[in-house]
Amino acid sequence: MSSLKDARDMTLITHSQGLITDEELLLLLEENTSRNPEFSYDAYDRFDLDNMEEAECKSEFRVEKRDIPLLAEALGLPDTFTCPQRSVADGIEGLCMVLKRTSFPCRYSDMIYRFGRPVPVLSMVTNQVVDYIYQAHGHRLTQWNDLLLNPAALQRYADAIARKEAPLENCFGFVDGTIRPICRPNENQSTVYNGHKRVHALKFQSVTIPNGLIANLYGPVVGKRHDAGMLRDSGLMDDLENHAHSPTGQDMCLYGDPAYPLRVHLQATFRDARLTPGMEAFNLSMSRVRTSVEWIFGDVIKSFKALDFKSNLKTGLSTVGKMYIVCALMRNAITCMYGNQTCDYFGLEPPTVDEYFS
């Protein structure tokens with residue numbers, strides 16, 4: 001595919017040969033001129049982490065200044081990222097571009113002052129780093145994670161939940177779906193429309209555990225998909241049957257809302273028309289500990305507010321689903337470094353960031 005420059009050069013050559021008139025030349029030049037506004041970036045210095053203040057680093061990147069190199073090393077980022085047009089950015093700069101882009105709704109032009117790069121380079125480097133993180137570490141969420149979900153760990157999680165007076169002694173975590181609103185697409189609007197929330201959306205299914213981490217994530221799926229259907233498609237039940245056992249061989253389970261079916265490895269709220277006092281007490285006790293699911297969902301959005309700006313989440317123009325998974329990974333990394341409300345509530349420490357990404 002020819003570039004705008006090639007098209008303009010060919011137009012000028014054609015005019016010089018007398019094949020088109022002056023009026024046609026002006027029309028063709030207008031048609032082959034970029035509609036993107038010009039932003040001056042030469043006035044800004046290139047990114048230098050050492051020159052940033054501690055407070056602005058935490059505000060813009062959600063990570064302490066001293067911990068950004070540690071996070072880059074834990075992620076195994078390469079020393080440099082090279083764009084197709086040969087622009088080069090080092091790994092830490094690329095990581096900071098992703099964190100800056102997702103921590104708050106902003107345009108690439110808003111990032112020029114920080115990185116001293118033109119908009120196309122900011123876009124290309126950001127997308128390259130997102131692709132790298134997803135390909136290198138996405139499996140830690142999208143597949144069964146033995147580091148977090150081994151038999152000994154499942155028993156620790158169950159014990160922590162039971163200490164909060166939960167009646168289920170073999171419950172090691174919680175499963176729920178989350179709806180992420182997106183910009184209304186031009187096509188297939190009814191497919192992604194969620195009638196319950198009345199928004200166009202993508203859905204994800206998450207398994208959360210008492211140390212404050214998202215242990216498993218499935219999605220994205222279309223917004224109208226029911227939680228039970230998403231559970232079936234995810235293959236999570238097969239993973240639970242194969243792996244969810246305590247060191248003594250006891251079946252361990254997740255707890256979910258009434259949308260989920262009752263299975264050995266999946267328990268849910270009593271939903272009979274007439275509940276006994278014991279059933280009501282069970283529902284109330286489990287409801288108190290299950291709120292940790294919402295805390296962790298909220299942590300992802302509070303840390304990466306760009307995910308909550310649906311006008312900029314356009315499925316035809318950006319990889320919205322991949323971005324959510326990468327942000328969930330980064331939120332897990334932040335929890336590993338600084339903890340969160342959930343791990344404090346249950347009294348369980350998450351692994352270190354090096355252990356999580358090892």
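1. The structure, which is a predicted model, holds nine aromatic pairs. In one of them, the ring centres of Phe-204 and Tyr-324 lie 4.3 Å apart with their planes at 25 degrees, and the pair therefore counts as stacked, the cut-off being planes under 30 degrees apart.

2. Tyr-356 is buried, as is Phe-357. Elsewhere, Phe-47, Phe-61 and Phe-115 come together in one aromatic cluster.

3. Two contacts between a charge and a ring deserve a look in the viewer. The charged end of Lys-58 sits over the ring of Tyr-338, at 5.2 Å from the ring centre, while Arg-101 lies over the face of Tyr-108, at 4.0 Å from the centre of that ring.

4. How many cavities of 30 Å³ or more does a search of the whole structure find? The search finds one, and the space in this largest cavity comes to about 40 Å³. Its lining consists of Arg-180, Pro-181, Ile-182, Phe-204, Leu-307, Leu-313, Val-320 and Tyr-324, with β3 and α14 as the elements that give two or more residues to it. By class, the lining has seven nonpolar residues, no polar ones and one charged residue. Phe-204 and Tyr-324, both part of this lining, are also the partners in the stacked pair of point 1.

5. The largest pocket holds about 650 Å³ of space. It is lined by 24 residues, and those nearest its centre are Arg-101, Tyr-108, Asn-312, Leu-317 and Ser-318; the Arg-101 and Tyr-108 named here are the partners in the contact at 4.0 Å described in point 3. Helices α5 (91-103), α7 (119-137) and α14 (320-338) each supply at least two residues of the lining, and α7 gives the most, with six residues. The lining residues of the largest pocket divide into 11 nonpolar, eight polar and five charged.

6. About 390 Å³ of space lies in the second largest pocket. Of the 21 residues that line this pocket, Asp-176, Gly-177, Ile-179, Lys-197 and Asp-227 are the closest to its centre. The elements giving two or more residues to the lining are β3 (171-181) and α13 (277-303), and β3 gives the most, with five residues. In class, the lining of the second largest pocket has five nonpolar, seven polar and nine charged residues.

7. Strand β3 gives two or more residues to the lining of the largest cavity and two or more to that of the second largest pocket.

Note on methods:
Residues numbered from 1 in each chain as written. Predicted model: local features only at pLDDT ≥ 70, side-chain atom pairs only at ≥ 80, totals over all residues. Heavy atoms only, no water. 1 Å grid on protein atoms, 1.4 Å probe; cavity = no way out; pocket = protein on both sides within 12 Å on 5 of 7 lines; lining within 4 Å. Points joined across faces, edges and corners; volume = space filled by probe spheres on them. Helix = DSSP H or I, 4+ residues; strand = E, 2+ residues; numbered from the N terminus. Nonpolar A, V, L, I, M, F, W, Y, C, P; charged D, E, K, R; others polar. Phe/Tyr/Trp six-rings, centres within 6.5 Å; stacked < 30°, edge-to-face > 60°. Buried < 20%, exposed > 50% of the residue type's maximum accessible area, 1.4 Å probe, protein only. Lys NZ or Arg CZ within 6 Å of the ring centre and 35° of its normal.
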